[in-house]
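This report describes a protein model by its strands, its core and a few local features. The sequence and structure come before the text.

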Amino acid sequence: MKQRHIFGDVFALESIVAGVVFLVVLALLGYALLRRRAARQVTASERAERPRLEAYYVGALTAFAVFLVAWTAWQNHREHQAAERSPVRVDVSSFQWCWNFSYPQAPASRSVTGTCRGDDLPTLVVPTGRPVQLRLTSRDVIHSLWVPHLRYKMDAFPNHVNTFTVTLDREGRWRGKCAEFCGLRHHTMHFWIKAVSPEEYDRWLQGEQGAGGQGAAV
Ligand SMILES: [Cu+2]
């Protein structure tokens, strides 16, 4: 999964940098503690500042910060690049407390929803290998669409459409959630995202029974 790889790389690199910085700080602290200057009767320097050392320190910190911000922004840009070919479009509408997925390109303008009570979860059916553009909005308060498996999360605002494109490279079904506290039944506001072969997706879009996923088609 492209998204999963991109955000996985970001997480791995930032963890490594944070780990190295943590170990360096620990090592310096340990060295300072164990030097036992008092035992060797060394008097402390009275210098109040070390401009060159401080400049190195500030320079190193700035370089790390600039690199991390620039690299993360670049990865985010890669992830949000417009799809190379015409994407499958799905309009995602969130509401208290469930989801509606509409397929405006379908012959009969198909849409899927549910109540998010018990097992009545809507399924966002998408084809594998094709870019899928999700246009995300909310009918009431702020929600957030989160698919932990894809490492992807995006807020849904009323009167505003957030657009992003996902491409799933293998078939499967994963749980999605609302990640923004939105009221009493926020914790039940789940859905499925199901990737099927393009042929099965087309059959499902035509409204054939047995193809695609669960969730009430309306
Ligand atoms: Cu919520």
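Val-126 has Ala-195 in β10 as its bridge partner. The model is a predicted one, in which local features need pLDDT of at least 70, side-chain atom pairs count only at pLDDT 80 or more, and totals for chains, interfaces and linings use all residues. Residues are numbered from 1 along each chain as its sequence is written. β4 and β10 run parallel and are joined by 5 bridges. Two strands count as paired if DSSP finds at least two bridges between them. Helices (H or I, at least four residues) and strands (E, at least two) are DSSP runs, numbered from the N terminus.

β4 is largely enclosed by the rest of the structure, because 5 of its 5 residues are buried. A residue is buried if 20 or more other C-beta atoms lie within 10 Å of its own, exposed if 12 or fewer, and partly exposed in between, with C-beta atoms placed from the backbone. In a regular strand the side chains alternate between the two faces of the sheet. Both faces of β4 are covered: Thr-123, Val-125 and Pro-127 are buried on one side, and Leu-124 and Val-126 on the other.

## The open sheet

An open sheet is formed by 5 strands in the order β4-β10-β9-β6-β7, with mixed pairing. β4 (123–127) and β7 (152–156) are the edge strands; each has a single partner strand, so one side of each lacks a neighbour in the sheet. From one strand to the next, the twist averages 25 degrees.

Within this sheet, β6 (residues 143–147) pairs with β9 (residues 172–178) in the antiparallel sense over 2 bridges. Leu-145 stands opposite Cys-178 in β9. Helix α3 (residues 198–205) lies across β4 and β10 (190–196), and runs at about 130 degrees to β4. Axes are lines fitted to C-alpha atoms, for helices over the stretch in contact, and angles run from 0 to 180 degrees between N-to-C directions.

## Overall composition

The protein has 3 helices and 11 strands. Its elements run α-α-β-β-β-β-β-β-β-β-β-β-α-β from the N terminus on. Of the 218 residues in the protein, 22% are buried.

Two residues are in contact if their C-beta atoms, placed from the backbone, lie within 7 Å. Among contacts between residues at least 6 apart in sequence, 66% join residues at least 24 apart.

## Nonpolar core

The largest nonpolar core has 33 residues, of which Val-90, Val-92, Leu-124 and Val-126 touch the most other members. Such a core is a set of buried Ala, Val, Leu, Ile, Met, Phe, Trp, Tyr and Cys residues joined through C-beta atoms within 7 Å. At least two core residues come from each of β1 (88–95), β2 (98–103), β4, β5 (132–138), β6, β7, β10 and α3. β10 supplies the largest share, 5 residues.

Not counting residues up to four places away in sequence, Val-126 touches Val-88, Val-132, Leu-168, Ile-193 and Ala-195.

## Loop residues

Glu-180 is located in the loop between β9 and β10. This residue counts as partly exposed because it has 19 C-beta neighbours inside 10 Å. Beyond four places in sequence, Glu-180 touches Ile-142, His-143, Ser-144 and Asp-155. Asp-155 and Glu-180 are 25 residues apart in sequence and 7.7 Å apart in space, C-alpha to C-alpha.

Most residues other than glycine have a negative phi, and most peptide bonds are trans. Arg-151, in the loop between β6 and β7, has a positive phi of about 55 degrees although it is not a glycine. With 16 C-beta neighbours inside 10 Å, Arg-151 is partly exposed. Asn-159, in the loop between β7 and β8 (162–166), is not a glycine either and has a positive phi of about 60 degrees. Asn-159 is exposed, with 7 C-beta neighbours inside 10 Å. The peptide bond from Gln-96 to Trp-97 is cis, with omega near 0 degrees, and Trp-97 lies in the loop between β1 and β2.

## Confidence

pLDDT is the predictor's confidence in each residue, from 0 to 100. Its mean over the protein is 86, and 89% of the residues reach 70 or more. Confidence is highest in β6, at 95, and lowest in strand β11 (residues 216–217), at a mean of 42. Over residues 213–218 pLDDT stays under 50, and the model has 18 contacts beyond four places in sequence for these residues.
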